[in-house]
Amino acid sequence: MSKRVHTSELGCIASEELSEFGAGKEGWLVDNPNVLCALDTRSLALANKSLILVAGWDDGPWLKIRPELSPIEAEHLTAIEWLVFDEIRVVAVGTSCGYFLLYSLTGDLIHGQLIHPGQILKIRVRGTNRDLTQESSSEEVCIVFAGVIARLDGSDIKSLLQQWFQEIHSHFWDHKTRSRESEDRGNSYDRLPYQLWNVSKYGPCVDAAITGITPPPLMEIQSSQRYYCAVTIGEDAVISAYRLSEDRSRSLVGAILSKVVPATFSTIASFSKMIWRSEQPPRKKSEAKLQPFAKASPLTCLKDNPRKAEKLTLAPSGTLAAITDSLGRILLLDTRALVVVRLWKGYRDACCLFMEMLVGRGSAASTSNYYEPLKSDYCLCLAIHAPRKGIIEVWQMRTGPRLLTIQCAKGSKILQPTYSFGSSMASPYVPLEVFLLNGDSGQLSILNRFLN
């Protein structure tokens, strides 16, 4: 009987360029919390506190980007993600001072904007399609702080990128203009519009996600205003949920914070520059005016000391979320009903990603060269990487069995390509896939989508 193979090798990223990230030392990819990863279908982006490296595993080009960060405020990179719009691919990074930066694959700074004073913890990209459960489709970029969530519409970012690339290809910019943009953090265009919510009622969060559009309160059924649901996890509250309103009528706390925080931030920055006599160019005046918080209403909260939530993974539809905690448990949350529907135990330091596999009729059809699997052929699964056990398990959602167990080397990490804007219109259907990167060997593999 032939041995079952559940992964396929794609290539290798081993290179001397990775030495600045600690490559060559065992466990450099997973043991250093300052090493950040983001995967695209063609490239891998790595970042540490001050450097971005874009690498291809099929002998593609290598690109180094060194953002201009503020030494006075000890600014460093804290989040990274790909933004993919058809043929446009850019790298988005967040900093410890709350700046959202966009870089092209030629290393040019396209745009830089202060979202909120504070460390950006996560940049999330997702989209939902119109169906029986969603009245409208939306594509968004969610920026997570410790107690604050910002939402940027994907269409606004796409318009900005299209304008930038059109001017580049039309040779409208000369060398001096590019130099000036570098100094001004890419703010040649208007600020990207965004919505901002304070979700710190139950304490600061370590991660959060906007799960989709939610029904309005009972007293506002006839309202045309749109509401979102947000799920946060943290040390004080394992799980919290909020209803986010687009209305900017704020509570007393939100009004105070919107006035006090900008003034305090401006005073500290001015005092620091006076002491250190910085010669850096001043920020633009438009960046000093921080956006006020919109209304966020708490829905539920789960506190269970000493349990502390650690990581949050959201399903593509937004209806399920996998949450890992400090007790080695994994909670599967129904984000619509806001109840835990499944629980796994004994998975300390685990990492979870949702994926789609061909199960049943899909796996049989996959052997045919003339059949192209449809979306309905795929089954939603949860891949659980347990590094202490050295395995990856794949479980069928919501209450299905464990489909397979894969051995993986120590120092490995599971990754997933970012959501591609406009991908819902693509044909044939591209399923949600999970990749395995062995940091010690540099080998990149993909988990097979069918059971053999």
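A residue counts as buried when its relative accessible area is under 20%. By that cut-off, 6 of the 7 residues of strand β11 (residues 138–144) are buried in this predicted model. The strand is thus described as mostly covered.

Strand β11 has two partners described here. Strand β10 (residues 122–128) pairs with β11 in the antiparallel sense, over 7 bridges. Within that pairing, Gly-127 stands opposite Glu-139 of β11. Strand β12 (residues 148–153) also runs antiparallel to β11, and 5 bridges join the two. Here Cys-142 has Arg-151 in β12 as its bridge partner.

Strands of a sheet pair through backbone hydrogen bonds, in either a parallel or an antiparallel sense. An open sheet of 5 strands shows mixed pairing, with the order β9-β8-β7-β6-β27. Strands β9 (109–114) and β27 stand at the edges. Each has a single partner strand, so one side of each is left without a neighbour in the sheet. Inside this order, strand β7 (residues 88–95) and strand β8 (residues 99–103) are antiparallel and share 4 bridges. Val-93 has Leu-101 in β8 as its bridge partner. Helix α2 (residues 154–169) packs on the sheet. The helix touches β6 (77–85), β7, β8, β9 and β27. The direction of α2 makes about 140° with that of β9.

A further antiparallel pair is formed by strand β24 (residues 391–396) and strand β25 (residues 402–407), joined by 5 bridges. Val-394 stands opposite Leu-404 in β25. A hairpin of 5 residues leads from β24 to β25. Glu-393 is buried, since its relative accessible area is 3%. Arg-402 reaches 45% relative accessibility and counts as partly exposed.

Side chains of opposite charge can pair when their charged atoms come close. In the whole structure, 16 salt bridges are found. One of them joins Arg-226 to Glu-246, at 3.5 Å from N to O. Arg-226 belongs to the loop between β14 (207–214) and β15 (227–233), whereas Glu-246 belongs to the loop between β16 (239–245) and α4 (252–276). The pair therefore ties together parts that are 20 residues apart in sequence. Both ends are partly exposed: Arg-226 has 28% relative accessibility, and Glu-246 has 30%.

Asp-304 and Arg-307 form another salt bridge, with an N to O distance of 2.9 Å. Their accessibilities fall in separate classes. Asp-304, at 30% relative accessibility, is partly exposed. Arg-307 is buried, at 8%. Elsewhere, salt bridges link Glu-17, Glu-20, Lys-64 and Arg-66 in a network.

A pair of aromatic rings is described by the distance of the centres and the angle of the planes. The search of the whole structure gives 7 aromatic pairs. In one of these, the ring centres of Tyr-378 and Tyr-429 are 5.8 Å apart and the planes make 50°, so the pair is tilted. Tyr-378 lies in strand β23 (residues 378–386), and Tyr-429 lies in the loop between β27 (420–421) and β28 (435–438). The contact therefore ties together parts that are 51 residues apart in sequence. Tyr-378 is buried, with 9% relative accessible area. Tyr-429 counts as partly exposed, at 27% relative accessibility.

The rings of Tyr-419 and Phe-421 give an edge-to-face pair, because their planes stand at 80° and the cut-off for this class is over 60 degrees. The centres of the two rings are 5.7 Å apart. Tyr-419 and Phe-421 are both buried. Ring pairs also bring in Phe-85, which joins Tyr-419 and Phe-421 in a cluster. The charged end of Lys-389 sits over the ring of Tyr-347, at 4.2 Å from the ring centre.

Methods. Residues are numbered from 1 along each chain as its sequence is written. This is a predicted model: local features need pLDDT of at least 70, side-chain atom pairs count only at pLDDT 80 or more; totals for chains, interfaces and linings use all residues. Side-chain values use heavy atoms; hydrogens and water are left out. A salt bridge is a side-chain nitrogen of Lys or Arg within 4 Å of a carboxyl oxygen of Asp or Glu. Buried means under 20% relative accessible area, exposed over 50%, partly exposed in between (1.4 Å probe, protein chains only). Rings of Phe, Tyr and Trp (its six-membered ring) pair if their centres lie within 6.5 Å; planes under 30 degrees apart count as stacked, over 60 as edge-to-face and the rest as tilted. A charge sits over a ring if NZ of Lys or CZ of Arg is within 6 Å of the ring centre and within 35 degrees of the ring normal. Two strands pair if DSSP finds at least two bridges between them. Contact means heavy atoms within 4.5 Å. Axes are lines fitted to C-alpha atoms, for helices over the stretch in contact, and angles run from 0 to 180 degrees between N-to-C directions.
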